[in-house]
Amino acid sequence: MKTRITELFGIEHPIVQGGMHCVGLAPLAAAVSNAGGLGIITALTLPTPEKLSEEIRRCRELTDKPFGVNLTFLPSVKQPDYPGYVRAIIEGGVKAVETAGNNPEKVLPVLHEAGVKIIHKCTSIRHALKAERIGCDAISVDGFECGGHPGEDDVPNFILLPRAAQELKVPFIASGGMADGRSLVAALALGAEGINMGTRFLATREAPVHQNVKDAIVRASELDTRLVMRPLRNTERVLTNAAVERMLQKEREFGSSIQFKDIADEVAGVYPRVMYDGEMDAGAWSCGMVAGLIDDIPSVADLIERIMSEADSIIQRRLAAIVG
Ligand SMILES: Cc1cc2nc3c(=O)[nH]c(=O)nc-3n(C[C@H](O)[C@H](O)[C@H](O)COP(=O)(O)O)c2cc1C
């Protein structure tokens with residue numbers, strides 16, 4: 001398949017692995033890139049820009065294909081060293097950056113100057129248009145189904161993607177709820193030029209996380225995610241567990257007066273405990289509704305191969321037969 005996204009990033013298949021905190025490290029990013037997609041290292045998982053430089057070097061040892069880095073701009077009290085991370089990206093020769101969270105305007109000139117292409121992930125048409133206006137090269141359109149932060153508008157991809165196709169001139173990919181060849185063909189039909197996956201890549205052999213995390217995704221159905229932190233306008237879609245239900249109970253009790261400190265126990269410092277120690281009830285961790293479509297833990301290469309051949313067969317056989 002050749003789309004504006006495969007051309008932009010110099011990749012074989014229009015499949016991107018979204019940034020994932022504590023997951024998007026060199027082994028997964030390299031596996032995705034080696035399989036012909038675009039793997040992404042998640043900058044903020046590395047505690048310093050120096051550690052990000054090391055991770056970029058490690059990824060380069062594992063693949064000679066293009067890979068990218070995710071830069072998530074989140075409202076946090078202590079701001080990470082973003083200029084340092086940007087320097088590490090440029091000095092590491094990385095040519096693709098996925099930005100997410102707040103407006104990436106500040107980092108665009110220096111990244112563009114270094115020949116880096118920017119794909120900004122956002123959950124609404126107005127943010128996508130803004131990203132296009134400030135010069136982002138592509139958009140990742142993240143629907144309400146997605147694992148992680150779906151925003152506050154709650155528009156699912158069956159509406160959001162065609163709306164993006166109506167409004168955007170730059171290429172965009174479909175993010176949220178993507179799992180297989182059917183997702184890819186549907187995304188292309190709705191106007192996207194590729195797909196971005198988080199949860200599906202988390203349940204692969206190469207994802208550098210505890211087996212319990214992968215097993216939990218395989219066990220989960222499409223009914224098992226919850227939206228937390230909505231009262232704080234920082235909504236996150238997570239897999240339900242004891243801590244998540246406790247958190248939702250507090251959100252109901254405190255109502256609009258809730259503050260971050262009230263739920264800090266269920267959120268702060270939770271990711272390493274879940275992802276590396278396999279403590280599945282430690283707190284809230286991102287997971288998409290697409291868990292309901294995931295029932296195996298393949299290698300990344302097998303997964304991408306399967307998606308591409310399924311998409312090919314849907315287009316060449318099923319759809320061709322319908323119109324033919
Ligand atoms: C465990 C996990 C952690 C994530 N962490 C981040 C992150 O740090 N930054 C970011 O931009 N997106 C993050 N995401 C969102 C993904 O990049 C992607 O947009 C999302 O998973 C797409 O929806 P899907 O899970 O239905 O494929 C995370 C998703 C998951 C599942």
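Predicted model: local features only at pLDDT ≥ 70, side-chain atom pairs only at ≥ 80, totals over all residues.
Biologist: Is Val300 buried or exposed?

Modeller: Val300 has its place in helix α14, which covers residues 300-323. A residue counts as buried if 20 or more other C-beta atoms lie within 10 Å of its own. Because Val300 has 26 C-beta neighbours inside 10 Å, the class it receives is buried.

Biologist: How many Å apart in space are Val300 and Ser33, C-alpha to C-alpha?

Modeller: In sequence, Val300 and Ser33 are 267 residues apart. In space, going from C-alpha to C-alpha, the separation of Val300 and Ser33 is 9.5 Å.

Biologist: Into which domains is the chain divided, and how many residues does domain 2 bring to the contact?

Modeller: The chain is divided into domain 1, residues 4-209, and domain 2, residues 211-289, and the C-alpha centres of these two domains lie 23 Å apart. On the side of domain 1 the contact takes 19 residues, which by class are 8 nonpolar, 9 polar and 2 charged. From domain 2 the contact takes 16 residues.

Biologist: Which element gives the most residues to the shell around the ligand?

Modeller: There are 30 residues around the ligand, and those that come nearest are Gly18, Ala100, Gly147, Gly198 and Gly288. Two or more residues are given to this shell by each of β3 (67-73), β8 (195-197) and α9 (199-202). With 3 residues, the element that gives the most is α9.

Biologist: How many residues in the shell around the ligand are charged, and from which domains does the shell draw at least three residues?

Modeller: Sorted by class, the shell around the ligand holds 10 nonpolar and 16 polar residues, while the charged residues number 4. As for where the shell comes from, at least three residues are drawn from each of domain 1 and domain 2.

Biologist: Which residues of strand β10 are buried on the two sides, and which residue of β10 stands opposite Leu227?

Modeller: In a regular strand the side chains alternate between the two faces of the sheet. In strand β10, residues 236-239, Glu236 and Val238 are buried on one side, and Arg237 and Leu239 are buried on the other, so that both faces are covered. Strand β9, residues 225-228, runs antiparallel to β10 and is joined to it by 4 bridges. The residue of β10 that stands opposite Leu227 is Arg237.

Technical notes. Residues numbered from 1 in each chain as written. Domains from an automatic or database assignment. Contact = placed C-beta atoms within 7 Å. Nonpolar A, V, L, I, M, F, W, Y, C, P; charged D, E, K, R; others polar. Near = placed C-beta within 6 Å. Buried ≥ 20, exposed ≤ 12 C-beta atoms within 10 Å, placed from the backbone. Pairing = 2+ DSSP bridges.
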